[in-house]
Amino acid sequence: MVDLKIMSTQNIDSRIKKYKNIITINPYTNSYYEYKNQELKKLEKLVYNDKNFIISYISNKDMIIASLDVGPGIDEDELEDTLFMQAYEELGLDEEKEYSIKYQKRDNDELSSVYNLFITEEEVMESRLSTIVEETKYVDLLIAAPLLYKTLYTNNALEDKNAHCYVYFTMKDSFVSIYKDGDFIYSKSIEFSLEQIYEKYCILIGEKVDEREFFEILESEGLKSTNSLFQQTLMKLFGEVFLQINDILIYAKRAYGIDSIQKLLLGSVKGPIVGLGDYGYNYLGIPTFNLDFTFDIKNDEWYVDQLQYFMVKSALDTIQDPDKTINLSLHPRPPVFVKRASGQFIIGTVMASLLAIGVPLGYLIPSYMNDAYNLKLSADDQILSAEVEKYKKILKDKQLIIKADKSELKKLESIFEGKAKTLTSIYSKKVNYKFKSGFLYRFGKDLKKFDVHVEQIVSDEDNYTLYLLSTDEKKMTKYIKYVSKEYFKNIKNIDIKRIEMDDKDFSYRGVLKVEYK
């Protein structure tokens, strides 16, 4: 296990000069940090300041990430509509909900027609960020969590070659992200967030342990805990974690043409988990490292969530080149006054008034120009309205087809399930049915061997009740011990209700119940 720590050579990043501070926000734990003068400090609360650059992220579980191939020959003007319609058709989006769909080309190959889509449900985003926006008024950059790792390559913390896998555990979500040659290609959540790991741990040991105590041991001792029960249970849980990760890696390597993964980087919002890297290496056979990059940013805490550092660097990258970052924000910073519609209106009104006072002719010319411009806008609006109606009709027709196909699919699934159950039942009867004649033959052979007779046999499925008769109680007892030992693997349960002597003929009778597996 190797720790990777990258130290920056610059003191103050020149890219932040445009803003006073960078504010990083984890919307899932409501933790906030302020980056200023190469130092990262925790904030108790958020306050509005238009000199702050606000960045937050959205985790995998709150969005859909997918790759779609639009095929060759798609014009740039048609690309957005094509991806939008293809997303509804292929990803099964709910027609009743509003989605925001952002996209970028998966790699730098000019001939490639594959795009990564980041789809968020507007209602979910509003719910997740509403309290934040109330305080900050806007979010400059809302980034998909898997895209935060891109800054490692932008800032030369890692070489942008080969394939790397990142696994990060947060309280609400844990997700696997894969990069190839410095570009994001795939990400998927796994059902082992830190909260889920705690709940599964309690289920496995059969009791509710103190949550705070659990995470204290996890942070300080991890998989090398001196508590053997904690260690063994945790190793069992992380065995399931790496099983899921292995399945994801197998799929990704096949789907994206990856020969091998060169690095596995593990991280947690609670800090590095002791022993997890060694366990991961032994399980997956991939060189494993702690996700521990501080970029020479000063901080007094013993550990800061790695995603906070990545948000700082991603914000600086975006300030330098905004077009290279996918921004999911529904509450961007409003444009400067001169670029707002209201600002342009006020400036235009003032200028027109000045011209009217100074030179009357100077008023008429802008007025006529404004009328001509309005006529052009009206004509453009009619054309665009017709185009909008056209695509609305196409989308509506496609949605009706999807709805009909879904209904037909449900019918076919119902038919298939019925036939599958019938075939399974037939197969079970043919293959697994146990002939009672075989049981009766064995009963007779064993009874004869121990000189024990049977007056009556009653059967119900694989359950048998034998009414035994013998002149000697010991013979009957030996017979029962023999059956229990000889057929141990086949018998689910065996029970002798009673052995009684009949005074009339001085014989012993017993009722033996045998339940076969």
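**Exercise 1.** Is Glu-216 buried, partly exposed or exposed?

*Solution.* The model is predicted: local features need pLDDT of at least 70, side-chain atom pairs count only at pLDDT 80 or more, and totals for chains, interfaces and linings use all residues. Residues are numbered from 1 along each chain as its sequence is written, and side-chain values use heavy atoms, with hydrogens and water left out.

Step 1. The classes are buried (under 20% relative accessible area), exposed (over 50%) and partly exposed (in between), with a 1.4 Å probe and protein chains only.

Step 2. Glu-216 has a relative accessible area of 45% and is therefore partly exposed.

**Exercise 2.** Identify the salt-bridge partner of Glu-216 and describe how the two residues are placed in their helix.

*Solution.* Step 1. A salt bridge requires a side-chain nitrogen of Lys or Arg within 4 Å of a carboxyl oxygen of Asp or Glu. Side chains of opposite charge can pair when their charged atoms come close.

Step 1. The partner is Arg-212, with the closest N and O atoms 3.5 Å apart.

Step 2. Helices (H or I, at least four residues) and strands (E, at least two) are DSSP runs, numbered from the N terminus. Arg-212 and Glu-216 are four residues apart in helix α5 (residues 211-220), so about one helical turn separates them.

Step 3. Arg-212 counts as exposed because its relative accessibility is 65%.

**Exercise 3.** Which residues form the positive and the negative surface patch?

*Solution.* Step 1. For charged patches, residues need over 30% relative accessible area and no salt bridge, and like charges are joined within 9 Å. Lys and Arg count as positive and Asp and Glu as negative, while His and the chain ends are not counted.

Step 1. The positive patch consists of Lys-20, Lys-36, Lys-41 and Lys-51. Among them, Lys-20 is located in the loop between β1 (2-3) and β2 (21-26). With 45% relative accessibility, Lys-20 counts as partly exposed.

Step 2. The negative patch consists of Asp-75, Glu-76, Asp-77, Glu-78 and Glu-387. Helix α1 supplies its largest share, three residues. Glu-76 lies in helix α1 and counts as exposed because its relative accessibility is 62%.

**Exercise 4.** How many disulfides are counted, and are Cys-165 and Cys-202 buried or exposed?

*Solution.* Step 1. A disulfide is a covalent bond between the sulfur atoms of two cysteines. The criterion is a pair of cysteine sulfur atoms within 2.5 Å.

Step 1. By this criterion the count is zero disulfides.

Step 2. Cys-165 is buried, at 0% relative accessibility. Cys-202, at 8%, also counts as buried.

**Exercise 5.** Where do Ile-197 and Tyr-48 lie, and how far are they from Leu-234 and Val-133 respectively, C-alpha to C-alpha?

*Solution.* Step 1. Ile-197 lies in helix α4 and is buried because its relative accessible area is 1%. Its C-alpha atom is 8.5 Å from that of Leu-234, 37 residues apart along the chain.

Step 1. Tyr-48 is found in the loop between β4 (39-43) and β5 (52-58), and is partly exposed at a relative accessible area of 46%.

Conventions
Patch = residues over 30% accessible without salt bridge, like charges linked within 9 Å, V, L, I, M, F, W, Y side chains within 5 Å. Areas by Shrake-Rupley, 256 points an atom, 1.4 Å probe, with all protein chains shown as cover. Charge placed at Lys NZ, Arg CZ, Asp CG, Glu CD.
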